[in-house]
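Here is a friendly walk through one protein chain, in questions and answers.

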Amino acid sequence: MLDLASQLTDLPEHRGNAPWPGYEYVKGWGVFGLPFDSGHILALRVFPENDFGPYKTVWHRDPDGRWSIFVDGDRLETACPRYYGPACDYTGFATIRVAWTGPASLRVTVDEPALDWTLTAHETAALHMLNAVGGHLPLATWRSRSLVRAREMIASALGMGHVSMAGVMPSGHVGILMPQQMYLIAQSTAVLDDRDLGHPARLDTNPVIGDVALPARGVVAIGQAMWQAASTESTSGPGNLTSYPHSR
């Protein structure tokens, strides 16, 4: 039986440094993205370990494409809005509570806007094999663009569409998302300000925040991410990832 609750409950909080010099990092888990058939999209980030201090965020995109990020942390500028804020119509503070109600079932609540969100994840046979390998691959495997692209192709084969795992964030930072384990979301309900968001959906086109593509179906991910500050010139970066364009 899949038991994410035991793995992810009460992770130790730690303010550290990125494994790659010159980068900022986060480490933890979340809902990479979850589209609903109403046109709404939700996402969750739980990062107890990073450069600045622990935080949680809930992302919401409405059917008109407007993004909001709600932060439960010390500062907006040291949480997800640091990288994605320029693509949002709103960023602000909220109280976010995350509780595992079963081995693979989660409940997320936000005080304002009022959100009550539940979900259950599952692992397919293919994901089970990939997760067993992914959790043991060294970070060096993320230095190669070809290996990052291979991971994106695997995600596409799993029905996630054209997911971006590396590229330029709305802020101009060059980012690399490094999921080590992924699980599909089998069931979910969400009520936002008394509005039922409907049922989980699998989209034909990936939703985007800025130029960053999120999964076309609901995914829980465990892993880390790193961002390099934008530069006016090409920098050495992580190996041959310098081919990703970036500007200040």
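Q: Is Arg-149 buried, partly exposed or exposed, and what is its relative accessibility?
A: This is a predicted model, so the value is computed from predicted coordinates. Buried means under 20% and exposed means over 50%, with partly exposed in between. Arg-149 therefore counts as partly exposed, with a relative accessibility of 42%.

Q: Which residue does the side chain of Arg-149 meet in a salt bridge?
A: Side chains of opposite charge can pair when their charged atoms come close. Here the N to O distance is 3.6 Å, and the cut-off for a salt bridge is 4 Å. The partner of Arg-149 is Glu-152.

Q: Where do Arg-149 and Glu-152 both lie, and how many residues apart are they?
A: Helix H4 spans residues 145-160, and Glu-152 is found there. Arg-149 lies in that helix too, about one turn away from Glu-152. So the two are in helix H4, and their separation is three residues.

Q: Is Glu-152 buried or exposed?
A: The relative accessibility of Glu-152 is 9%. The limit for a buried residue is under 20%. Glu-152 therefore counts as buried.

Q: Leaving aside neighbours within four places in sequence, with which residues is Glu-152 in contact?
A: Contact here means heavy atoms within 4.5 Å. With the neighbours within four places in sequence set aside, the contacts of Glu-152 are Val-163, Ser-164, Met-165 and Ala-166.

Q: How many salt bridges does the count come to?
A: Each one needs a side-chain nitrogen of Lys or Arg within 4 Å of a carboxyl oxygen of Asp or Glu. The pair Arg-149 and Glu-152 meets this at 3.6 Å. By this rule the count comes to six.

Q: What is the N to O distance in the salt bridge between Asp-64 and Arg-66?
A: Asp-64 is exposed, with a relative accessible area of 61%. Arg-66 is partly exposed, with a relative accessible area of 41%. Their side chains meet in a salt bridge with an N to O distance of 3.5 Å.

Q: What is the N to O distance in the salt bridge between Arg-107 and Asp-116?
A: Arg-107 is partly exposed at 39% relative accessible area. Asp-116 is partly exposed as well, at 30%. The N to O distance between their side chains is 2.6 Å.

Q: Which residues form a negative surface patch?
A: Residues in a patch have over 30% relative accessible area and no salt bridge. Asp-193 has 47% relative accessibility, and that value is over the 30% limit. The residues of the negative patch are Asp-111, Glu-112, Asp-193 and Asp-194.

Q: Near what value is phi of Asp-193?
A: Asp-193 is found in the loop between strand E11 (174-192) and strand E12 (195-196). Its phi is positive, in a residue other than glycine. The value is near 50°.

Q: Near what value is phi of Asp-10?
A: Asp-10 lies in the loop between H1 and strand E1 (14-15). Asp-10 is exposed, with a relative accessible area of 72%. Its phi is positive, in a residue other than glycine, and is near 55°.

Q: Leaving aside neighbours within four places in sequence, with which residues is Val-46 in contact?
A: Val-46 has its place in strand E3 (residues 41-50). At 12% relative accessibility, Val-46 counts as buried. The contacts of Val-46, with those neighbours left out, are Lys-27, Gly-28, Trp-29, Tyr-55, Lys-56 and Val-98.

Q: By what distance are the C-alpha atoms of Asp-3 and Val-46 separated?
A: Asp-3 is found in the segment before helix H1 (4-8) and counts as partly exposed at 36% relative accessibility. Along the chain, Asp-3 and Val-46 are 43 residues apart. Their C-alpha atoms are separated by 17 Å.

Q: By what distance are the C-alpha atoms of Val-46 and Ser-188 separated?
A: Along the chain, these two residues are 142 residues apart. The separation of their C-alpha atoms is 18 Å.

Note on methods:
Residues are numbered from 1 along each chain as its sequence is written. This is a predicted model: local features need pLDDT of at least 70, side-chain atom pairs count only at pLDDT 80 or more; totals for chains, interfaces and linings use all residues. Side-chain values use heavy atoms; hydrogens and water are left out. Helices (H or I, at least four residues) and strands (E, at least two) are DSSP runs, numbered from the N terminus. Patches are made of residues with over 30% relative accessible area and no salt bridge: like charges are joined within 9 Å, nonpolar side chains (Val, Leu, Ile, Met, Phe, Trp, Tyr) within 5 Å. Accessible areas come from the Shrake-Rupley method with a 1.4 Å probe; for residues, only the protein chains shown count as cover. Lys and Arg count as positive and Asp and Glu as negative; His and the chain ends are not counted. The place of a charge is taken as NZ of Lys, CZ of Arg, CG of Asp or CD of Glu. Buried means under 20% relative accessible area, exposed over 50%, partly exposed in between (1.4 Å probe, protein chains only).
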